[in-house]
Amino acid sequence: MTQMTPPPAQPGRSGSETEPPFLSLHTAVVLLTALVLGLVVGGLTALTDVPAAGAVLAGLTAAGSTVPVLRSLIGQPRERSGA
């Protein structure tokens, strides 16, 4: 006779508590947008025949300064109420 083996347990579904995500969706969107803007500014600065270090600093400055602005522009998701 053959015996059926149970399917392997799926990770994360065994406990009743789920682990929260490492980054929220809001944080991920803000950081990725800041990264893209920093890359654009750094790339455009590099095209103006500035030394590479200057272009990197311009990109880092742009990315860092856009984070607070993007955080206020991209609002937190609202909590869904009850029913």
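## A bend in helix α2

Helix α2 bends by about 35° at valine 67, and a proline, proline 68, follows within four residues. The model described here is predicted. Helix α2 covers residues 52-73, 22 residues in total.

## Overall make-up

The protein has 83 residues, and 14% of them are buried. Its secondary structure consists of two helices and zero strands.

## What α2 buries

Which residues of α2 are buried? They are Ala55, Gly59, Ala62, Ala63, Thr66 and Leu70. The cover over these buried residues of α2 includes α1.

Valine 69 also belongs to helix α2. Valine 69 has a relative accessible area of 44%, so it counts as partly exposed, the range between the 20% limit for buried and the 50% limit for exposed. In sequence, valine 69 and alanine 34 are 35 residues apart; in space, their C-alpha atoms are 9.6 Å apart.

Helix α1 takes in residues 25-46, and valine 40 lies in it. Is valine 40 buried, partly exposed or exposed? Valine 40 is partly exposed, because its relative accessible area is 44%.

Valine 40 is one of the residues in a nonpolar patch on the surface. Val36, Val40, Leu44 and Leu47 form this patch, and together they have about 400 Å² of accessible area.

## The loop between the helices

Where does aspartate 49 lie? Aspartate 49 is in the loop that runs between α1 and α2. Its relative accessible area is 74%, and aspartate 49 is therefore exposed, as the cut-off for exposed is over 50%.

The backbone at aspartate 49 has a further feature: phi is near 65°, a positive value in a residue other than glycine.

Conventions
Residues numbered from 1 in each chain as written. Predicted model: local features only at pLDDT ≥ 70, side-chain atom pairs only at ≥ 80, totals over all residues. Heavy atoms only, no water. Buried < 20%, exposed > 50% of the residue type's maximum accessible area, 1.4 Å probe, protein only. Patch = residues over 30% accessible without salt bridge, like charges linked within 9 Å, V, L, I, M, F, W, Y side chains within 5 Å. Areas by Shrake-Rupley, 256 points an atom, 1.4 Å probe, with all protein chains shown as cover. Salt bridge = Lys/Arg side-chain N within 4 Å of Asp/Glu carboxyl O. Expected span 1.5 Å × (residues − 1). Bend = angle between axes of the 7 residues up to and from the residue. Contact = heavy atoms within 4.5 Å.
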